[in-house]
Amino acid sequence: MSYEQKIVNYFSKKYKKIGDDCAYLNKTKQLISTDSLVENKHFDLIHFSPLNIAHRLFLSNYSDIQSSGGLPKYVLLNISFPNKNFKFVKKIISNFHNLCLKYNVEIIGGDTTSSEKIFLSLTIISDSIEKKNIITRSKAKINDRVYTFSGIGFSKLGYLNLYKKFQLPKILTKLSINQFLKPKMYIYHDIFKDIEITSCMDLSDSLLSTLETISSESKKKIIINNLQPINPKLYNFLKKKNIYNSLILSSGEEFVPIFTSPIDLLYLNNKNKLKDRGIEIIHIGNIEKGNGVYLKNFNFNKVRKFDHFKNNYSLL
């Protein structure tokens, strides 16, 4: 168990609102979430531009509200930085403000202080939402199908290419680095309102850890059937199935939803609403009675998931 999970478990035993991507405020009928970015942990000042950093901060929080069924509405922004980085930070703020304007999110406050490295923290609050419409991690049901969006894997491959000199063909280099530095932002909260979703969680640390959390919270077994359709380009490049599976299961900060439904949702891929947004839904598994996550003939111990307190993400 990671240090992060130990901390979450400590508080979740004492407070019922902790455990999902967001907490729900009953009195105001709003979802609330928070996330942080730390220099040299989530970004550096060599490869990441101010726009990349602002985009990641905005998306990582926006994604939490969406995956819980809500529409992001307000944010509180906290920034700490060294004096020498003020001009750089000012560009982050400007780009962040533009994103808020673009997606109709209002900045309602925050805080600033000095620090040795750049540190950003965002608290995001949804528009009003009825409790019955919230999507949690804990309500997956037996015989549900497990879904996600296509394209997972490019983020970690981009990281490996930039920092570990992992060699890639030109086209994959561009796709991977772009996804790592500036992950795609999918808008889907309105789509989820129109379909039956039993559980959901956004993919920040890895696909495997996300599936493990849904399994644990829902007290159900998840059987992964086939990961190949998630990213055919990477499957054809890597050729070895175990290496491909390890990459797909360990790639973090993809910010796509992992969700369950009793319905065959693949028909939605023919709808213009999804096509226009570049969304392709992929069926990757099913929910059964039991616990844990399973993939036939694959050892999960080889998957190097992202962990804020370890340095093992660079391995495939």
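Contact here means heavy atoms within 4.5 Å. The model is predicted, so local features need pLDDT of at least 70 and side-chain atom pairs count only at pLDDT 80 or more, while totals for chains, interfaces and linings use all residues. Residues are numbered from 1 along each chain as its sequence is written, and side-chain values use heavy atoms, with hydrogens and water left out.

View 1. Helices (H or I, at least four residues) and strands (E, at least two) are DSSP runs, numbered from the N terminus. Ser155 touches Gln179, Phe180, Ser251, Gly252, Glu253 and Glu254, leaving aside residues up to four places away in sequence. Ser155 has a relative accessible area of 1% and is therefore buried (under 20% relative accessible area; exposed is over 50%, partly exposed in between; 1.4 Å probe, protein chains only).

**View 2. The aromatic pair of Phe48 and Phe180.** Rings of Phe, Tyr and Trp (its six-membered ring) pair if their centres lie within 6.5 Å; planes under 30 degrees apart count as stacked, over 60 as edge-to-face and the rest as tilted. The structure holds 17 such pairs. Phe48 and Phe180 are edge-to-face, at 5.5 Å centre to centre and with 70 degrees between the planes. Phe48 is in the loop between strand E2 (30-38) and H2, and Phe180 is in helix H5 (residues 170-181), 132 residues apart. Phe48 and Phe180 are buried.

**View 3. The aromatic pair of Tyr147 and Phe259.** The ring centres are 5.6 Å apart and the planes are at 25 degrees, so the pair of Tyr147 and Phe259 is stacked. Tyr147 belongs to strand E6 (residues 145-149) and Phe259 to strand E9 (residues 257-261), so the pair ties together parts 112 residues apart in sequence. Tyr147 and Phe259 are both buried. One aromatic cluster is formed by Tyr147, Phe149, Tyr186, Tyr188, Phe192 and Phe259.

**View 4. Charged ends over the rings of Phe180 and Tyr294.** A charge sits over a ring if NZ of Lys or CZ of Arg is within 6 Å of the ring centre and within 35 degrees of the ring normal. The charged end of Arg56 sits over the ring of Phe180, 5.6 Å from its centre. For Lys221 over the ring of Tyr294, the distance to the centre is 5.2 Å.

**View 5. Leu227 in the largest nonpolar core.** A nonpolar core is a set of buried Ala, Val, Leu, Ile, Met, Phe, Trp, Tyr and Cys residues joined through side-chain atoms within 4.5 Å. The largest has 90 residues, and Leu207, Leu227 and Leu249 have the most contacts inside it. Helix H2 (residues 50-67) gives the most to this core, with 7 residues. Leu227 touches Leu207, Tyr244, Asn245, Ile248, Leu249, Ile284 and Leu295, not counting residues up to four places away in sequence.
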